[in-house]
Structure formats: C-alpha cells, structure tokens
Amino acid sequence: MTSNREIHLASRPQGWPTEDTFRLVETEVPTPGPGQIVVRNQYMSVDPYMRGRMNDVKSYVAPFALDAPLDGAAIGEVVASEAADIAVGTTVLHGLGWREYALLDATAARPVDPSVAPVSAYLSVLGMTGLTAYAGLLEVAAMKPGETVFVSAAAGAVGSLVGQIAKLKGAGRVVGSAGSPAKVERLRALGFDAAFDYHDGPVRESLRAA
C-alpha cells in the first residue's frame with residue numbers, strides 16, 4: 001500500500017461540528033526510521049474531550065492543529081518496523097488515530113494480546129476507560145462487598161463499567177443516574193439494581209426512592 005488516508009481539522013467549529021469541520025486528505029504511507037514503526041489502524045476511539053480540543057484554548061491537553069491530522073487512542077497492526085522490540089504483525093495500542101497508517105516511535109506503542117478479547121476492547125474495558133473505572137471504584141472509593149454504590153453519569157463509558165465491576169465485586173446494591181429514559185433502560189440491562197433519570201426530579205429524592 002502506498003496511499004494513506006487522514007482526517008484533518010479544516011476549521012474550528014462554533015457549536016456542533018459539521019462535515020465542513022473535517023477534511024479527508026490522502027498522503028503516502030510513511031516509512032519508519034530507526035526505532036520507529038508503522039501501524040495500520042483497525043479501530044480508533046472517538047471521545048467527548050476531542051470536541052474541546054477543536055477549540056484554540058488552553059487546557060490540560062493541547063488543541064488540535066488546523067490542517068493537520070487529529071489524534072486519539074487507536075489500535076492496529078504493525079506493518080513495518082525498524083524497532084528491535086516490536087515485530088511486524090504485533091497488535092499495538094497507541095495515540096495516533098484518525099488516520100489509516102500511523103508512524104510513531106516504538107516507545108509510544110503498547111503491544112497487546114489479541115487472543116484475550118476483541119482488539120477493540122483495548123480502547124474500552126481493557127484500556128483507559130476500564131482502568132479508570134476499576135481504580136476509581138476499588139482503589140480510590142475502596143468499595144467493600146455488601147456496600148451500596150451510586151454512580152452518576154452511569155450510562156457513560158466509565159460509569160457503565162463502574163456499575164458492572166461493582167456487581168462483580170459483590171456490591172449489595174448498585175444504583176445509577178442517567179439523562180434519558182433510554183439510558184435508564186440501558187443501565188437496567190447492564191445489571192444495575194435501580195436507575196433513574198435525573199431530569200425527573202431532585203436527585204436526592206430519586207436516590208432515596210432507589
């Protein structure tokens with residue numbers, strides 16, 4: 001393959017991004033230098049924080065540059081390598097999504113085992129999302145078996161995993177709040193003991209009823 005496709009930020013949106021916010025750009029597939037690898041991306045994660053990076057404002061992470069590829073968590077297969085520690089064919093997790101082929105230093109990629117689960121799981125339950133849920137519940141909150149757990153924003157990527165991990169770790173009751181009836185039904189399908197829409201009334205009253 002010699003043709004690479006990238007998604008560039010064409011303009012900074014006001015409000016919701018539109019199709020004109022982005023530009024599809026074709027480039028050549030990069031060639032790795034010493035210590036580098038080329039990854040053919042298979043999956044990438046599209047996350048809420050990316051909207052903030054489309055604004056040119058100071059934040060905890062640099063804004064996306066105009067007329068350049070966006071980036072974000074991605075997983076793919078190494079198709080070329082000049083790094084001793086990562087062979088061609090290795091599946092890796094890295095931070096250069098929004099492109100078909102990514103060139104990066106091998107130190108910026110983390111090999112993962114595709115036999116454990118579908119590789120897309122490394123962008124969710126087996127990746128940063130799952131680790132945030134696991135550490136937040138069991139290390140920071142230090143949940144003990146039998147305790148009641150309340151999860152706000154429970155239909156989100158992290159919150160939905162917190163509720164499931166709590167059930168697996170023996171919580172006595174798991175309650176979640178979300179922002180729509182469909183999300184509430186989703187929480188019940190995931191095994192939450194109770195769930196409510198926070199638009200339906202004061203959270204304290206809904207939580208007491210749950």
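**Reading aromatic pairs**

Modeller: At 35% relative accessibility, Phe 150 counts as partly exposed. This is a predicted model, in which local features need pLDDT of at least 70, side-chain atom pairs count only at pLDDT 80 or more, and totals for chains, interfaces and linings use all residues. Residues are numbered from 1 along each chain as its sequence is written, and side-chain values use heavy atoms, with hydrogens and water left out.

Colleague: What do buried, exposed and partly exposed mean?

Modeller: Buried means under 20% relative accessible area, exposed means over 50%, and partly exposed lies in between (1.4 Å probe, protein chains only). Phe 196, at 9%, is buried.

Colleague: How many aromatic pairs are there?

Modeller: Rings of Phe, Tyr and Trp (its six-membered ring) pair if their centres lie within 6.5 Å; planes under 30 degrees apart count as stacked, over 60 as edge-to-face and the rest as tilted. The count here is 2 aromatic pairs. Phe 22 and Trp 98 are stacked, with 6.0 Å from centre to centre and 20° between the planes.

Colleague: Where in the chain do Phe 22 and Trp 98 lie?

Modeller: Strands (E, at least two residues) are DSSP runs, numbered from the N terminus. Phe 22 is in strand 2 (residues 22-28), and Trp 98 is in the loop between strand 5 (91-94) and strand 6 (101-105), 76 residues apart. Phe 22 is partly exposed at 26%, whereas Trp 98 is buried at 13%.

Colleague: Which pair does Phe 150 form?

Modeller: Phe 150 is stacked with Phe 196, at 6.1 Å centre to centre and 10° between the planes. Phe 150 belongs to strand 8 (residues 148-151) and Phe 196 to strand 10 (residues 194-197), so the pair ties together parts 46 residues apart in sequence.

Key. Helices (H or I, at least four residues) and strands (E, at least two) are DSSP runs, numbered from the N terminus.
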